[in-house]
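Welcome, and thank you for taking a look at this one with us. Have the sequence and the 3D view open side by side, and let us walk through them together.

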Amino acid sequence: MDEKKVMLSGIQPSGDLHLGNYLGAIKNWGARAEEFDCYYFMADMHTITVRQNPADLRRRTLEQLAQYIACGLDPEKNTLFIQSHVPAHAELGWVLNCYTMFGELSRMTQFKDKAAKHKDNINGGLFTYPALMAADILLYQPDYVPVGEDQKQHCELTRDVAQRFNHIYGDVFKIPEPYIPKAGARIMGLSAPESKMSKSMPEGCVFLMEKPEDIQRKFKRAVTDSDTERCVRYDPAAKPGVSNLMNIYAAVTGKTMPEIEAEFDGQGYGKFKPAVGDAVIECLRPIREEASRILQDKAYLESVYKAGAEKASYVANKTLRKVYKKIGFVAR
Ligand code: TYM
């Protein structure tokens, strides 16, 4: 019997992958396949809570898969799949909707943010999204869910829903732990360090596939702080811009904050900003090159997502059958 612990996570292909997704999530997924049984997916079902252009969604879903592989997720060792290819997600999502409370969903900050941004389309899916996310997770009985800081609240709701369900029906679901990195859990926008880096602010967002010269331009223009000190010192409250750049530099190079402060001691932001840009460019270069190469091979990508969906379905259906039996559905 396989005794490995299980890890699972997903990203919405609603935009191109960016440095926040990489440092907050994907970087933490790689190189764990020896230790964990790993499931990573493209959360396409979640993206339609906001209107998508169909052709772009299709393209980005495949690009995301190529980028997962380029980031070091070997499809032979990790189960990589497209969420909508495993119908158990929608099925368990419905069940868990009935075990998730209106009040709980109303408190979700991602719902509040997105509802404020898309006032003309505050649909039911946007509201019940966390129940589908709970299904994504609980189907695979994972021990850990590696995500950035902003997904912690959804992971906590998942635990509450699982505990509620287990309390009624016995131990059906394993209670998963969010797994949040020390450096990189919350990367802020380069043009607005008070908001998290996201594709909705492209000038402050560094995309994985972006050209080096464009990345460097964004770092050179990164907003730094207006304090008189102008030195590289980690202090997120007083110096959010510089601290964010230090956080990025730390996540990319593995250096500690005191090491970074020492490295740039006596130098202004003018030296520091391009140095962070260079470190990011070198970190992303092999990923960009490898992803572009993999994207040319559509047959390979198809073989990966088909095998992934088959393996994921096998595991997911086992949990779903158990749930259906517990709640009183007649076996198929
Ligand atoms: P999503 O698609 O918004 O983001 C994907 C992952 O990237 C992390 N992230 C960041 N980390 C650090 N700094 C940032 N600026 C930043 N922006 C994004 C997120 O924390 C996340 O880990 N609901 C999820 C997708 C999802 C999921 C799941 C995740 C659906 N089902 C099941 C885990 C398990 C979401 O919208 O993430």
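In which strand does Asn 78 lie? Asn 78 belongs to strand E3, residues 78-82. This is a predicted model, so please read every value below as computed from predicted coordinates. The residue Asn 78 is buried, because its relative accessible area is 6%. From the C-alpha atom of Asn 78 to that of Met 101 the separation is 34 Å, although the two are 23 residues apart along the chain.

**Overall build**

Let us step back to the whole chain. The protein has 13 helices and five strands. Its C-alpha trace spans about 70 × 45 × 40 Å along the principal axes. For 332 residues, a compact globule would have a radius of gyration near 20 Å, and the 21 Å of this protein agrees with that. Of the 332 residues, 53% are buried.

**Around the ligand**

Now to the ligand. There are 29 residues around the ligand, and those that come nearest are Gln 12, Tyr 129, Asp 136, Asp 150 and Ile 187.

| Residue | Protein atom | Distance to a ligand nitrogen |
|---|---|---|
| Tyr 129 | side-chain N or O | 2.6 Å |
| Asp 136 | polar side-chain atom | 2.7 Å |
| Met 197 | backbone N or O | 3.1 Å |

On its own the ligand has 710 Å² of accessible area, and the protein covers 96% of it. Which elements give two or more residues to this shell? They are strand E1 (5-11), helix H1 (19-29) and helix H7 (124-138).

Ile 187, one of the residues that come nearest to the ligand, is found in the loop between E5 and H9. Is Ile 187 buried or exposed? Ile 187 counts as buried, because its relative accessibility is 5%. The C-alpha atoms of Ile 187 and Asn 21 are 8.8 Å apart in space, while 166 residues separate the pair in sequence.

**Helix H1 and what follows**

Asn 21 takes us to H1, where it is one of the buried residues. H1 is mostly covered, with 10 of its 11 residues buried. Among them are Leu 19, Gly 20, Tyr 22, Leu 23 and Trp 29. After H1 comes Ala 31, which has a positive phi near 60 degrees.

Another positive phi is found at Gln 141, a residue other than glycine, with a value near 50 degrees. Gln 141 lies in the loop between H7 and strand E4 (144-146). As background, most residues other than glycine have a negative phi.

Glu 210 counts as buried because its relative accessibility is 11%, under the 20% cut-off. What does the side chain of Glu 210 reach at 2.8 Å? The backbone nitrogen of Phe 207 is at that distance. The side chain of Glu 210 also makes a polar contact of 2.6 Å with the side chain of Lys 218.

**Cysteines**

How many disulfides does the structure hold? The count is zero. For Cys 38, the closest cysteine sulfur is that of Cys 71, and a bond is ruled out because the two sulfurs are 14 Å apart. Cys 38 has a relative accessible area of 0%, so it is buried. Cys 205 is in no disulfide either, as the nearest cysteine sulfur, that of Cys 71, is 14 Å away. Cys 205 is likewise buried, with a relative accessible area of 0%.

**An exposed proline**

We finish at Pro 54, which is found in helix H3, residues 54-70. Is Pro 54 buried or exposed? Pro 54 counts as exposed, because its relative accessibility is 55%, over the 50% cut-off. Between the C-alpha atoms of Pro 54 and Arg 230 there are 46 Å, and the two residues are 176 apart along the chain.

Methods:
Residues numbered from 1 in each chain as written. Predicted model: local features only at pLDDT ≥ 70, side-chain atom pairs only at ≥ 80, totals over all residues. Heavy atoms only, no water. Near = heavy atom within 4 Å. Polar contact = N/O pair within 3.5 Å; in protein donor to acceptor, adjacent residues only side chain to side chain. Areas by Shrake-Rupley, 256 points an atom, 1.4 Å probe, with all protein chains shown as cover. Helix = DSSP H or I, 4+ residues; strand = E, 2+ residues; numbered from the N terminus. Disulfide = S-S within 2.5 Å. Buried < 20%, exposed > 50% of the residue type's maximum accessible area, 1.4 Å probe, protein only. Rg over C-alpha atoms; globule rule 2.2 N^0.38 Å.
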